[in-house]
Amino acid sequence: IVLIGTCGVGKTTLGKAIAILRSIPLLSIDDFRRHASDGSPAGEVRAWALFLEAIAASARAVVEFSGSGHFAHLVKMQMAAKQDYRVLWLQAAPEVCLQRVASRPLEVPYPDFGTSLDKLVPELHQRLRQEIAVGTIWPRERVQALDASREPALLLEGALQQLEREGQ
């Protein structure tokens, strides 16, 4: 199960709940950043290398990251090798995501990509919309959009219903 979306959309909250209910690991890029990165470019590459290795080594898992960018293609390649996976694309208005991000402590060593979160979140939101519309990274038949502006319990209920419909 791959969870994608912008910062603050609720990927980690949903991922933890699904992982617990399904008794499978949660593989979150932010956890790998906390473990292996210092915010430098080399630290980011270390975190992603470990993240990709963990995906390859896991028979079943919840994989959580933005779903876009250069490393997304590598994650897709790892997932394609597993053949049976579903992508849940969490969507909420950028303003909602930014409010959520502002309300929590920043404890992940993100690299400085040269743009503020105020710009990054709307840009990522739009980029994901475009990439998914044309299937640039994720095959459209594997992607299910979910309204992440809802309460976490309702989002979880919707995600579980979708996974059950897909036989996941």
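1. C97 is buried, with a relative accessible area of 0%, where buried stands for under 20% relative accessible area, exposed for over 50% and partly exposed for what lies in between, with a 1.4 Å probe and protein chains only. C7 is buried as well, at a relative accessible area of 18%.

2. This is a predicted model, in which local features need pLDDT of at least 70 and side-chain atom pairs count only at pLDDT 80 or more, while totals for chains, interfaces and linings use all residues. Residues are numbered from 1 along each chain as its sequence is written, and side-chain values use heavy atoms, with hydrogens and water left out.

3. Searching the whole structure gives zero disulfides, a disulfide being a pair of cysteine sulfur atoms within 2.5 Å. For the sulfur of C97, the closest cysteine sulfur is that of C7, at 8.4 Å, which is too far for a bond.

4. Helix α1 (residues 11-22) packs against helix α7 (residues 152-165) at an angle of about 55 degrees, their axes lying 10 Å apart. That makes α1 oblique to α7, since angles under 35 degrees count as roughly parallel, over 145 as roughly antiparallel, 65 to 115 as roughly perpendicular and the rest as oblique.

5. In the contact (heavy atoms within 4.5 Å), T13, L14, A17, I18, L21 and R22 of α1 meet P152, L155, L156, A159, L160 and L163 of α7. The residues of this contact of α1 with α7 comprise ten nonpolar, one polar and one charged.

Terms used. Axes fitted to C-alpha atoms, helices over the stretch in contact; angles between N-to-C directions. Helix = DSSP H or I, 4+ residues; strand = E, 2+ residues; numbered from the N terminus. Nonpolar A, V, L, I, M, F, W, Y, C, P; charged D, E, K, R; others polar.
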